[in-house]
Amino acid sequence: MRRRRAREGARRRGREGAPRAAALAGRLALAGRLALVASFVLVAPLACRRESATGASSSLPSAVPALSAAPRPPSPRLTDPRWRRAAGDDPLEHARLAEAEGASGLLAALDDGGEIALAALRALPYADDADLALAPLAERARGAPAASLPPLLDALLGITGRPPRPREPLDPDGTRAAAAIVLELSNRRDLPPELRAVAISASRALADKGLLDPGGIPSDLDPEMPSAGAAGGDTPRP
């Protein structure tokens, strides 16, 4: 009898204690959430003040500094004996370089700048496939400042002035595009007369090959022709 009463009392106390335990657990969970919110409220303003003071953004791309371009290594052509010999004024060395490199190799060397680019421009008129270089050279000349134009125009004149080859054109579309640019350069009145004169000569060489209309080539730099009366002297009186 006593044992049964004890068991019933324990069950009764358990039923009465369950609501108290649930209430206590709820209060503990609420306290935890309030503590989490309080910590966020305290930390967030500090982070904002730290970001505004430094001017830095928390995003990854802006935190990574931009990388500067790596310096370009020296061109191996600077130590190549063939290129060193072609840096002079010897046409034979220019022809040898052109035979070894071809138009594509010489055009690639233009990006080296300096004496290597000058050697390439001098050698281009000697290349068997130099016509392939007309369009790239003309584009470079169109965008170049006046101070950089002389070697480019000389190379264009050297290529356009070659006698026609007994073969199919290597790049007819590129040659026509180059002809239009050369004519454009010959009409640029902002260029010094000596540069326009080279462009005019190249335009006439292209006109001789049927690539330009001779009537569209400027003639304002041509020497004045003497009049018939000046050439024949005074007309005798009857």
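Predicted model: local features only at pLDDT ≥ 70, side-chain atom pairs only at ≥ 80, totals over all residues.
View 1. Follow the sequence along and the pattern reads α-α-α-α-α-α-α-α-α-α. Of the chain's 238 residues, 26% count as buried. As for who touches whom, take the contacts between residues at least 6 apart in sequence: 63% of them join residues at least 24 apart.

**View 2. Zooming in on Thr 175 in helix α8.** Helix α8 covers residues 172–186, and Thr 175 is found in this helix. Is Thr 175 buried or exposed? Its relative accessible area is 13%, so Thr 175 is buried, given that the cut-off for buried is under 20%. Leaving aside residues up to four places away in sequence, Thr 175 touches Asp 131, Leu 134 and Leu 211.

**View 3. Helix α6 packing with helix α8.** Here α6 (residues 134–143) meets α8, with the axes 8 Å apart and an angle of about 30 degrees between them. Because angles under 35 degrees count as roughly parallel, α6 is roughly parallel to α8. Their crossing is left-handed.

**View 4. The residues where α6 and α8 touch.** On the α6 side, look for Leu 134, Ala 135, Ala 138, Glu 139, Ala 141 and Arg 142. Helix α8 brings Gly 174, Thr 175, Ala 178, Ile 181, Glu 184 and Leu 185. Sort the residues of this contact by type and you get seven nonpolar, two polar and three charged.

Technical notes: Residues numbered from 1 in each chain as written. Heavy atoms only, no water. Helix = DSSP H or I, 4+ residues; strand = E, 2+ residues; numbered from the N terminus. Buried < 20%, exposed > 50% of the residue type's maximum accessible area, 1.4 Å probe, protein only. Contact = heavy atoms within 4.5 Å. Axes fitted to C-alpha atoms, helices over the stretch in contact; angles between N-to-C directions. Parallel < 35°, antiparallel > 145°, perpendicular 65-115°, else oblique. Left-handed = near helix turned anticlockwise from the far one by under 90°. Nonpolar A, V, L, I, M, F, W, Y, C, P; charged D, E, K, R; others polar.
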